[in-house]
Amino acid sequence: MEPRCAVEDEKTTRCMNLLHKLGLSNMLPKRMQQRDVQVIDALSQDVKPPKTETELSSQYLYKLMMLDYRARFLSCKPEPTTTAPESHVVGTEDDDDDFLNFSEETVQKVHIEEQHIHPMDIHMAVFHCADDFLRQYIFSKLSSCQFALPLLVSNPFTREIEFPLWALRNIKKSWQSKAQSKMDSHSKYKSRHMFNTPVPVASFIRLGESSISKSEILNNVISKQKHKVFFHRNCKGSTRDCLLMDGVVEITWYCPAGKEDDIFDDCVAFLNLHGDARDHPQQLEFMQSVSTVNVVLLSECPLDEKNKKIFKNLYTSTVPLIVLFAGQEKSLTFKNPTKVKLGAKNRNEAELNEEIISHIQHCVNTYKKNTSIKIFCDEARKHQFKVDEDKKSCRDGHEQANVLMCLLREERSLNFKEKLLPLQGKLWHDWCRKDKDQYRLKCKGKESLECQLDAIKNEKASIRKAQLEAASPPNEFMRSFITCLTSPAHSQETKSYMLQWLRIFLDEFNLGALAGYEEEYLSTWATFKCGPKVEGGSTNTDPLLTKLNTISDKMTATTIGLQHIMRETSQIYEVFKPTTKHQKETYEFIEALPAIGAEMLMSGLPLELMDGDAAHVPLLWIQAVFDRLNKTLGDKKVFVLSVIGLQSSGKSTLLNAMFGLQFTVSAGRCTRGAFMQLIKVDPAIVAQQKYEYVLVVDTEGLRSPELSTNMSLSHDNELATFIIGIGDITIINIMGENPSEMHDILQICVQAFLRMKQVKITPSCIFVHQNVAEASAGEKNMEGRINLMGKLDAMAVTAAKEEQIDNVTGFSDIIQFDVKTQVFYFKGLLEGDPPMAPPNPSYSRNVQELKNKVLSTAQWKSGCRFSTLSEVKVRIRDLWNGLLKENFVFSFRNTLEIMVYSDLENMFSEWSWKLRKHALDKENELYNQLLSNIIEDVSQKDLIVDFGQVYDPLTGEIDTYFKGNKHPEILIQWKVTIDKRLENLNRELIQNILKKCKDVITIKKNKSELDQRNSDYEEELLKMSKNLAFKLKDQRLTDQDVERQFNSIWTDWNTKVANEKPPEKCVNVRAVVEGILHVQFQNQNDITGKIRNKKAQFNLDVKKHVNKSWWNSLDRFNLFHGNPEDCMNQCTHQVTNRVKRYITGKEAVGNDFNDSFIHEILSNIKSEINDYEKSNKVEFTKEYQTDLSVHLCIKAIPTFERMHSSFRKTVDPITYLKSKRE
């Protein structure tokens, strides 16, 4: 024993020296954390080959974080030391002799070299120093790089064998097994956590020393690309001595793609024991207990007694055995097909691989034994290996998460989310819709904007009350979750374990719930794609779309993740916060909630910024989380980086590779909403970078195909505008080289930013084209990039012109962009075909180049200033509120579409005014004819014929406009709508005139009857009065009693007269006027706010009412005599006076209010302004016309209300009776 202990002590010393060389000696035991790795440091800016050994571990982790598999081949070779050269005469025989002389003496003279650190020693040194969470993180990156993972690790410092279960638990693999029969046309796709997924296990071991590399043979067996899944002696950077890998058992999985050339038909696990098996009996025994087939490489040298005994045990075992003889060239047949002898010496590599694969496949099919990591763990415990999950904090976290899952399973039903998470269902979605409606009031003829606003506020309050009742008090599930994360009794490590356990349990929970739905969805989608065609080439698939949406809704209803629980936490805060000020216990409970969100961000976990299901930002919650961050960290400078792109374009993958994050990556159902994650900047580079944290925002994919039936164009445009607006830099991610879809979205963003004048932002963007094959794509596509820039510039100028904003000469005036330096072309992510393909090193290199550009923003972005946490909070609030107020532009595909539609609306306004003008003139004409007894009735047929003289030519004008427009392909989508609107307006005007004429005839008849009955009414009144006086003459009544008796009779008589002609309902003049203004100026920013802002006086504002270019270029002294503003105010006076004269004239006639009055006033205002501009060479903005029109029309409402009231009185018989009462 003593010599063995001495050897082990020597190895421990050598291992400590190794850690000292790597600069990791202070990181034992397991002191290195994930937050130490996920940091922006000097490496993030410039990755150079390591010059010293202390740089190796940090570079290894950094490259691994960026999915650069070359991380495992890192080395730092020391400078060779050479002896002083002796002077020789060149070309002598001695020189030749010396050159051919390889004696030990000569070699020592020439070269003395110190061996560099083995790459796998760096790998295992980091493993030993990493805590359990960092190990789990490292394993996920190793798995993505298609590297083998440590399964059993011999700790050189404690001499224990460790089983890193926690690190392995989160490993997930995807594969597609081949169809089992011809009848089964679809291969089966699986995506599984390998912890509880049993698969066959092939174990590779070596007995004795060999010149053949077992790991190299194994790599050739499982990787067509010959990817170095297992590190071997022939890998780059390998050395003879490797301290930390001896006795390590590694595991990897072969995952088929469902293709004919798959190596194996289904998933197979491979174990590989490093070193001679005789030196590691415990590991060998473990492998024997879990293997489906053993593959043994025998040394060329004869086996000693110990190795013979080991081999005998392997041979006599029931587990199939494949033996590779390193000293034999030929393979031998054997009667037992589960005992195979293969020669490995001087063999053709391809032939040997085929033989090994064939025999493994046969053994796997014959000896049906499948094993999972869970079974590995049971065996590890039997062998008394150290299992990391046995530590107390992990067990405590597991117990807490298990309690939550028990509560979850108790409610297992289709609507379990509504019960456990009551605040984010229908009530929350209704509240979000009402919140948007509050800013986007619609014109309703019977209800004013103020009434609508009051009604919406009441509905929001009612919904909040219902939410409060539904969640008062919070259910046991949510209360337990919140208590786990806020209780001081639990350590931060325990809380982290609880969150991770909960995420794992929820993944398993969802997997079972979604399995059936996913299969049904895929089959329905396949049927939908191949659906029968009907006439016109369209697909008759409406029922299938409905079914797809139903399945999607069910999947959403049965899926629950940590983001949903955190969303409920945010809603509890939003609902309870305004009501808990006077309830101390509840107040303290609610006030602790933002700390959970802040702690998640500080721990490197993503937090939901925008609810993906409701498309809404919970502002109260987000602001509280930022306040808490500010309180904990201080008001630090933050660089906000956001990303947008179409679905499945690789946004999340890009961010994960760039910063080592763990945003959810999926090629199927996309991320919903927006998530943010906080990354710390190393204090050593803060002065250079000018910010202390990076806030990364990931978003759902735009133009999502499976969500297109539910998610509108407006949603994508809103989301893109929000994400670009909050980011200092936005990465616009494009799959391939065609940016057309994103080009359209960018146009809408630009126009939205131009309209949201109250939001002060300076966004910038970088284009990233993913999966571009050619290395020279950047140079070859320069012409295309210049064309793109030209289009972006043109649309920005067009948008600015549409919004009448000056000083915009190009796209970069709104969103900073340089086509030469802010466009990147990325190679494909994978180096080969999935699922076994490793990441492409060129992709990692491209990511690093992009990262250098992004992080150095302060150096190249002019006027760059980074916001503090509190300023980012305000930016999010202002931008979201600005988006809520803006509705018009988001419903369009691009700027050109907005411009074409705006021109169309202006034309329709002119067409409709011609009809309205004709209707108003016709109405006055018929009104006068009826009152003058020229005509006695009006027929609908005559009106249709009369209106046809105007309507028919207008339809011709519309057809001509649509055919002759420069953009008929855009206009055509509104042709049917415009035709229908004009037709409906024509019919509506005819019906209104007909109704008013009928009313005039009825009023005339009633008035005639009333005049004839005036004397009768007076006699009846007199008679009633006399009868009442006679009846009461013998009674001694006071004057009050007499009046009371008279009032009773008077009321009955009034009722009788009123019933003969029920009064017309009163018109809500304010609602009518506001509705017309809302429609007329719908494309103006915040028109609702302008209408509601009732100013007593209109004031000319040169900054917003006068064209800036014209104002700056004019010679004011020569053009205007006196103050130019006074001269321009003259236009306002002229318009105001004309409108006053119009209203006074209408009031003098005594007619009833007509909505055509407002249209005529708006027409007069427009023509008056146009005339003034032409005659005085002045240029006003559209906003001037809008503000003045709104002011004058709103100001006219009391007059029109008085006109309407007066008219009703003149035709009301009750009014006449009241005049005779006295």
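Where pLDDT is low, the predicted coordinates should not be read in detail.

This is a predicted model, in which local features need pLDDT of at least 70, side-chain atom pairs count only at pLDDT 80 or more, and totals for chains, interfaces and linings use all residues. Residues are numbered from 1 along each chain as its sequence is written, and side-chain values use heavy atoms, without hydrogens or water.

Colour the chain by pLDDT: the average is 83, and 85% of the residues score at least 70.

Move to glutamate 574 in helix H22 (residues 562-576); helices here are DSSP runs of H or I, at least four residues, numbered from the N terminus. Glutamate 574 counts as buried because its relative accessibility is 6%, the cut-off being under 20% relative accessible area with a 1.4 Å probe, protein chains only. Show arginine 464, whose side chain makes a polar contact of 3.2 Å with that of glutamate 574.

Finally, select helices H40 (residues 1069-1080) and H46 (residues 1156-1176). A polar contact, as used above, is a pair of N or O atoms within 3.5 Å, and within protein one must be able to donate a hydrogen and the other to accept it; residues adjacent in sequence count only if both atoms are side-chain atoms. At this last stop, Val1073, Ile1076, Leu1077 and Gln1080 in H40 meet Ile1158, His1159 and Leu1162 in H46.

Key:
pLDDT is the predictor's confidence in each residue, from 0 to 100. Helices (H or I, at least four residues) and strands (E, at least two) are DSSP runs, numbered from the N terminus. Buried means under 20% relative accessible area, exposed over 50%, partly exposed in between (1.4 Å probe, protein chains only). Contact means heavy atoms within 4.5 Å.
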